[in-house]
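Hi there,

Here is the model I promised to pass on.

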Amino acid sequence: MQHYSMNLTLKVWRQKNKNTAGSFETYPVQGISSEMSFLEMIDVLNERLIKEGGDPIAFDHDCREGICGMCSMVIDGRPHGPWKGTTTCQLHMRAFKDGDVITIEPFRANSFPVVKDLMVDRSAFDRVIQAGGYVSVNTGNAVDGNAIPIQKDKADHSFAAAACIGCGACVAACKNASAMLFVSAKISHLALLPQGGPERKQRVVSMITQMDKEGFGSCTNTYACEAECPKEISVLNIARLNREYLGANLSGN
Amino acid sequence: MNSSKLFNSSIGKKIVMALTGIFLVVFLVVHCYVNANVFFSDAEENFNRAAHFMGTNLLIRVTEIGLFAGFILHIVQGYKLELQNRSTRKSKYAVTAGNKTSKWYSRSMALLGTLILLFLIIHLAHFWVPSRFGGLTEIEYDGKSYHNLYLEMKNIFAEPWVVIVYVLGCFSLGWHLLHGVQSAAQTMGWTSSNYLPLIKNIGFAFSFIIPLIFALMPIFMHFDWVLNTGALTLLF
Ligand code: SF4
Ligand code: FES
C-alpha cells in the first residue's frame, strides 16, 4: 500500500487523577505518516505539547510489540482500535485517512480506575491472579517439562488460552465490564494441563470469588470481548470456566 | 457444596438464569403443542378438552406452581443482574462499538424480557385468569361440562389490535430466545468446539419456529382460517 501522510483531529480524554472528573480536549495533528504506529502518533503530539509547555498525554505502554498488554485505550469506541486481533501499539496509522476525527478514551470500568488521562489501574487483574492463577512446584531438581505426556488437543487449547496478555480489553469492551474472558483464559490455560491438576478446583473457586470482589460485572454472553481481544481468546474458554466452576462447587470443594 | 456461595457468585446467578430459562423453554414447547389444536378442524372441542386436561390434572397443576416460580425467579434475577451490570461502569464511553462487535438483541435481553413480561400480563389477564377464576361460558361434550376457552379466544382475537399485540409479543420472544437458548448452553458449559455449531443451529431454529407458530394462532383465529385435518393426513 502507498505510504501517505495525513492531518487528523484527536479528541483525547484528559483527567488529572482518580479523584477528579475528566473531559475531552481536542488536538489537531499534522503530517502523520501512514507507517507510524498509533502510539508513535501520540508521541509526536506529546513532543509538541512538551515543547509548548503543556502537559503530555499520559498513556500506558511497554513492549510496543503486542506482547505485554499495557497499551490500553479505547479508539473510536473500540478497545485497541479498529483492527481485529491487534493491540494499540501494533495498530498502524494506515487504519485511518486524512481528515479523520479520532476519539481516544481510557478503558472504562469501576474496577479499572483512571490513574491519569488514558492510564488505568488494572491491579484488580493481579489480585485475581494472586488468588489462584499459579501452580505449585516441588523444590529439588528442575523436572524436564517434556517428560510429562500431554494430549495434543489439550496442549493446543491450553496454549491458545495462555496467549492472553492480561490487557483488560475484554473488560473495556463488555457492556457489563465483566472479566470472564480474562479469567477463563487463565483457568483454561492451567486446567487443561497436568501441572494445573492439584489446585484445579480451589483455583477456580478462589479466582471467581476474587473476580466478584473486584466488582467486575456478570457475563451475559454478548461476546463483544472475543471480538475485541487482541489475542483472539475464544469465548469457549468461558464455557469451560463455567463447567470448571460448577464442577468444583458440586463436588464439594 | 456451599450452595449459598455458589448461587451468590456471578456464575451462580447466571446458572439460575440459564436453568429457569431452559425450564421456560420446555414450557413453551408444551404450550405450543397443546394450542396447535386451534389450527385444525374440530378445533373448538379438541382445544377445550385439552385445556380442561391442563386445568384439572393434578400433576400439571403442581407443575404450574413451579412454572410461576420459574417465571418469577427468571424475572427477578434478570432485573437484579441487569441493575448490577449497569452499575459496573460509572464513567460512560463517548463512543461505543454498537453492532460492530455484538448483536443488538444480545445486549437488549432486559428490554426484550420487559416486553415479554408486559405481554405476559396481558396474556394471563386474557386467558389464565378467566380459566382459573371463572368468567367463561360452559359447553357440553358427551354430557360433561367444559369451559369454552376456545370461544373466549375467538372473541378476544376478533379485535385486530389484540392480534397485533400478540404478534409483537412473539417477535420479542423470538429475539429473546435467539440470544437466550445459546446463552443458556454457554452458561451451563455445554458449548465446546464440537457442539457449538449444533447448539447455534438448534437455538436459531427454535427461536424462529416456536414464536412463528405462536404468532400464527391469533392470526388464524382472527381470520377464521382452518387447516383441514384430512389435508394434513395427506401431507404427512
Ligand atoms: S482475554 Fe484477551 S482482551 Fe482479555 S485480558 Fe486476555 S488478551 Fe486481553
Ligand atoms: S505496548 Fe506491549 S502490547 Fe502494546
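This is a predicted model: local features need pLDDT of at least 70, side-chain atom pairs count only at pLDDT 80 or more; totals for chains, interfaces and linings use all residues.

Residues are numbered from 1 along each chain as its sequence is written, chains are lettered from A and ligands numbered from 1 in the order written, and side-chain values use heavy atoms, without hydrogens and water.

**The two chains.** Chain A brings 49 residues to the contact and chain B brings 40 (contact means heavy atoms within 4.5 Å). Between them they bury about 3,600 Å², with 52% of it on carbon and sulfur atoms (accessible area, 1.4 Å probe, lost on being put together and summed over both). The number of salt bridges between chain A and chain B is zero (a Lys or Arg side-chain nitrogen within 4 Å of an Asp or Glu carboxyl oxygen).

**Ligand 1.** Its shell holds 13 residues, and the closest are C164(A), C167(A), G168(A), C170(A) and C229(A) (a heavy atom within 4 Å). Helix 4 (169-173) and helix 5 of chain A each supply at least two shell residues (helices are DSSP runs of H or I, at least four residues, numbered from the N terminus).

**A helix pair.** In chain A, the axes of helix 3 (residues 152-162) and helix 5 (residues 180-191) come within 8 Å and cross at roughly 145° (axes are lines fitted to C-alpha atoms over the stretch in contact, with angles from 0 to 180 degrees between N-to-C directions). S158(A), A161(A) and A162(A) of helix 3 meet A185(A), S188(A) and H189(A) of helix 5.

Best wishes

Methods. Buried area is the accessible area (1.4 Å probe) that two parts lose on being put together, summed over both.
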